[in-house]
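Thanks for coming. I will go through one structure today, so please have it open on your screen.

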Amino acid sequence: MILIPGMKTLRYAFGLLLFCIYGNALALGDPIRGEEKAKLCFECHVPQGQTPDPMIPKLDGQQAEYIVRQVLDYKSGRRPSTIMREVAQIVSDMQDLLDIAAFYSNLETMQGSGEINQEVKRGEVIYVDYRCHFCHGEEAVAGTAFTSGAPLIGGQNKDYLEKTMLDIKMGRRPADIYNLMKRLLMRLSDKEIEALSAYVSSLQVTSNE
């Protein structure tokens, strides 16, 4: 029997195909042209990417490939968000998306508070004990040899990190293709996730390479 995939599945598969074709988004995107095109993002993410809203992610220094993948997920509906899906639909041209991603990726890397307290120290222990550096690196930078597609999270907004991890844990947001994040987060309590978020958000990343 031949199974015919639904339109939603086809759209998502097409998006992934485009992402594979345009794999190195930073190399193929133009950050100079991207700055003008990214103006539609500035109301929420602001020109420097360092949004003051703790529930909106910082984008400065984020790897371009990750930004492209997330926008394609919003566009396909795989990652739910009313606002971002509307924005993603506006960016209909793949080159525009590559340019916008290159612009944000080319910004100076996001920085955390550098704060050290008991919660941050607990979060650091969790980060080490659960081998988070295997995917995100010692400074929670973008990807490692183990998983090159992992995003830069060091210095990201604490509230956003906590919500993201809880959403992945509860199945409200898709995880990585191997479901490693969900399986790990299922082993953590909400308090441990809060502490982990505090540690990661405190990091002052030295490089976005």
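Let me start with a question: is asparagine 179 buried, partly exposed or exposed? Asparagine 179 counts as partly exposed, because its relative accessibility is 34%. Keep in mind that this is a predicted model.

Asparagine 179 sits in the loop between α10 and α11. Its phi is near 65°, which is a positive value in a residue other than glycine.

The loop also holds isoleucine 177, between α10 (158-169) and α11 (180-185). Isoleucine 177 is exposed, as its relative accessible area is 72%. Together with Phe134, Phe146, Tyr178 and Leu180, Ile177 makes a nonpolar surface patch of about 590 Å².

Now the whole chain. The protein has 12 helices and 0 strands. Of the 209 residues, 45% are buried. The accessible surface is about 11,600 Å², and carbon and sulfur atoms account for 59% of that surface.

As for contacts, take those between residues at least 6 apart in sequence. Of these, 71% join residues at least 24 apart.

Next, a second residue with a positive phi. Valine 46 is not a glycine, yet its phi is about 55°. You will find valine 46 in the loop between α4 (42-45) and α5 (64-76). Is valine 46 buried or exposed? Valine 46 is buried, because its relative accessible area is 18%, and the cut-off for buried is under 20%.

On to the cysteines. How many disulfides does a search of the whole structure find? The search finds 0. A disulfide needs the two sulfur atoms within 2.5 Å.

Last, the aromatic rings. A pair of rings is described by the distance of the centres and the angle of the planes. The count here is 3 aromatic pairs. Ring pairs link Phe42, Phe103 and Tyr104 into a cluster.

That is the end of my part.

Conventions
Residues numbered from 1 in each chain as written. Predicted model: local features only at pLDDT ≥ 70, side-chain atom pairs only at ≥ 80, totals over all residues. Heavy atoms only, no water. Patch = residues over 30% accessible without salt bridge, like charges linked within 9 Å, V, L, I, M, F, W, Y side chains within 5 Å. Areas by Shrake-Rupley, 256 points an atom, 1.4 Å probe, with all protein chains shown as cover. Salt bridge = Lys/Arg side-chain N within 4 Å of Asp/Glu carboxyl O. Helix = DSSP H or I, 4+ residues; strand = E, 2+ residues; numbered from the N terminus. Buried < 20%, exposed > 50% of the residue type's maximum accessible area, 1.4 Å probe, protein only. Contact = heavy atoms within 4.5 Å. Phe/Tyr/Trp six-rings, centres within 6.5 Å; stacked < 30°, edge-to-face > 60°.
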